[in-house]
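I opened this entry to keep track of what I looked up.

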Amino acid sequence: MEKIITDFKPNLSKQSIKVYVNTINKIKNNLDGKDDLLFLKNTKEVIKYLDDLDVSYLTKRNYYNTIIVYMQSLELDLNIIKIYQDERDILNEDYVNNMKNGNYSEKKIKNTITKKELDDVIDELEKEVILLQSNTKFTNKEKHKIQMLFLLKFLVEIPLRNDLNNTKIIKYKDYKKLSDEDINSSNYFVYSPKKSFLSLSQYKTKKKYGLKLIDIPKSVMKYFYIWLKAVPDSDYLILNISKNIPATAHDITLLLTKFFKKRINKNISTTIIRSIIVSDKFSDYKKESQDMANIMGHSMSVQQLVYVK
């Protein structure tokens, strides 16, 4: 199964492939499916199983996406795939409407904080890290604080998903020597006194957007160099410090959620940080744009497409 999905979706990460396989196996086992093909053809049974699951509609949507990708990889009946796509699209529409109307899940409401609250937590952490700057050696606990400060400063300026996992650190002069194949097979944090950027080739929407080069502002580089001082021999940007290995996407999620749970008793992830940053930057514009669209008597999408140049 893993090879089938990998061949069909070669740009998917190993972690994503693993999630796809586990999801299909979970559904199959719960439906006593003995044949990978036959159990998915029973659309009514699969849909009923997903309808009855005590999970969020977003999780159900992800299940449908997994089923669709797997069936497409097996080149199964397009009419059957269309049934699952229709169910998935209903959940997609729910998501769009909820985001449009500001109807967030109870879990998200519980764990959302304001930009000021986020800044306050970062400022408090920075005060602790400043006290460590004269150190020449660092304990794992101290490294964790320094890494967390850098990670948060980075995400506030560049609110990515968990795309920093397995990101390699490289000097600009060495990056220029890499082959196209190397550049397109890994993520790199490229640095030099004059030019620093993130070379992103392994991320969720790579197939649509391709290689991305994202400039790193000096305000972030300041904290990178503090972090580099603590781990001068590291080849990777974010670490699982206790194991001294590159952090996985799951590791980054745990780093953030455990940190914020301890500090403010909230489960803050990269997704929530992205929401905080985007809301802070564009919430006033969104309201003003909606008000203007109402006055002009058209939708926001028409306003953006026709009137905004």
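How many helices and strands are in the chain? I counted 16 helices and 6 strands. These are DSSP runs numbered from the N terminus, with helices being H or I of at least four residues and strands being E of at least two.

I noted the ground rules next. This is a predicted model, so local features need pLDDT of at least 70 and side-chain atom pairs count only at pLDDT 80 or more, while totals for chains, interfaces and linings use all residues. Residues are numbered from 1 along each chain as its sequence is written, and side-chain values use heavy atoms, with hydrogens and water left out.

**Whole chain**

I looked up burial. Of the 309 residues in the chain, 39% are buried. Buried means under 20% relative accessible area, exposed means over 50%, and partly exposed lies in between (1.4 Å probe, protein chains only). The chain exposes about 18900 Å², and carbon and sulfur atoms supply 52% of that area. Accessible areas come from the Shrake-Rupley method with a 1.4 Å probe; for residues, only the protein chains shown count as cover. I then checked contacts (heavy atoms within 4.5 Å). Among those between residues at least 6 apart in sequence, 55% join residues at least 24 apart.

**Cores**

Which residues have the most contacts inside the largest nonpolar core? They are F150, F154 and F189, in a core of 52 residues. Two or more residues each come from α8 (115–130), α9 (140–157), β2 (188–191), β3 (197–200), α13 (218–230), α14 (249–264) and α15 (270–296). The largest share, 9 residues, belongs to α9. A nonpolar core here is a set of buried Ala, Val, Leu, Ile, Met, Phe, Trp, Tyr and Cys residues joined through side-chain atoms within 4.5 Å.

Beyond its neighbours within four places in sequence, F150 touches F189, V220, Y223, F224, W227, L237 and I238. Another core lies apart from the largest one; it has 26 residues, including I5, V46, L76 and Y84.

**Second largest pocket**

I took the volume first: about 480 Å³. Of its 17 lining residues, H144, L254, L255, K258 and F259 are the closest to the centre. Two or more lining residues each come from α9, β5 (239–240) and α14. The most, 7 residues, come from α14. I set the terms down here: on a 1 Å grid over the protein atoms alone, a pocket is an open set of points where a 1.4 Å probe fits, with protein on both sides within 12 Å along at least five of seven lines, and lining residues have an atom within 4 Å of a point. The volume is the space filled by probe spheres set on the points, which are joined across faces, edges and corners.

**Single residues**

I picked out Y64, in helix α5 (residues 57–73). Is Y64 buried or exposed? Y64 counts as buried because its relative accessibility is 2%. Leaving out neighbours within four places in sequence, I47, L50, D51, Y84, E87, R88 and L91 are in contact with Y64. The C-alpha atoms of Y64 and R88 are separated by 5.7 Å, though the two are 24 residues apart along the chain.

Last, I checked backbone angles. N166 has a positive phi, near 60°. N166 lies in the loop between α9 and β1 (168–171) and is partly exposed at 38% relative accessible area. N244 also has a positive phi, near 55°. N244 sits in the loop between β5 and β6 (245–246) and is exposed at 63%.
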